[in-house]
Amino acid sequence: MRGRPALPLSACVAGGYEVALKQHHSFLVQNIVTAAVRAAPARSALVSKLGGDAEVVHASMLELRRSCAPVLAQLHRSEEHTSELQPL
């Protein structure tokens with residue numbers, strides 16, 4: 001989001017969904033997510049609701065990302081281990 005400030009928020013969310021989650025969802029869920037992404041607020045509206053100052057909001061998002069990284073890494077390792085155990 002920060003690296004491409006002109007990109008609409010909905011495009012950022014859609015891109016992340018395409019890369020990370022879409023492959024795990026059924027056709028119905030994919031369509032629901034697509035509708036929800038279209039309803040996403042404008043970037044300026046989101047920043048305003050999160051604090052108003054884009055730099056402060058970005059710093060908070062980075063801190064949240066750093067805080068969640070160990071948990072997300074563990075979940076990823078767990079998912080990889082589980083997929084290795086499942087028969088084809």
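Q: Which residue forms a salt bridge with Lys-22?
A: This is a predicted model. Side chains of opposite charge can pair when their charged atoms come close. For Lys-22, the closest N and O atoms of the pair are 3.3 Å apart, and a salt bridge needs them within 4 Å. The partner is Glu-18.

Q: Is Lys-22 buried, partly exposed or exposed?
A: Buried would mean under 20% relative accessible area, and exposed over 50%. Lys-22 has a relative accessible area of 26%.

Q: How many salt bridges does the structure hold?
A: One joins Lys-22 and Glu-18. Another joins the side chains of Glu-63 and Arg-66, at 3.6 Å from N to O. The count for the structure is 2.

Q: What separates Glu-63 and Arg-66 along helix 4?
A: Helix 4 covers residues 54-85. Glu-63 and Arg-66 are 3 residues apart in helix 4, so the separation is about one helical turn.

Q: What is the relative accessibility of Cys-68?
A: Cys-68 counts as partly exposed. That class lies between 20% and 50%. The value for Cys-68 is 32%.

Q: What accessible area do Val-71, Leu-72 and Leu-75 have together?
A: These residues form a nonpolar patch on the surface. Leu-72 lies in helix 4. Leu-72 counts as exposed, at 52% relative accessibility. Together, Val-71, Leu-72 and Leu-75 have about 300 Å².

Q: In which helix is confidence highest?
A: The mean pLDDT of the chain is 86, and 91% of its residues reach 70 or more. Where pLDDT is low, the predicted coordinates should not be read in detail. Confidence is lowest in helix 4, at a mean of 85. The highest mean, 95, belongs to residues 27-38, which form helix 2.

How values were computed: Residues are numbered from 1 along each chain as its sequence is written. This is a predicted model: local features need pLDDT of at least 70, side-chain atom pairs count only at pLDDT 80 or more; totals for chains, interfaces and linings use all residues. Side-chain values use heavy atoms; hydrogens and water are left out. Buried means under 20% relative accessible area, exposed over 50%, partly exposed in between (1.4 Å probe, protein chains only). Helices (H or I, at least four residues) and strands (E, at least two) are DSSP runs, numbered from the N terminus. pLDDT is the predictor's confidence in each residue, from 0 to 100. Patches are made of residues with over 30% relative accessible area and no salt bridge: like charges are joined within 9 Å, nonpolar side chains (Val, Leu, Ile, Met, Phe, Trp, Tyr) within 5 Å. Accessible areas come from the Shrake-Rupley method with a 1.4 Å probe; for residues, only the protein chains shown count as cover.
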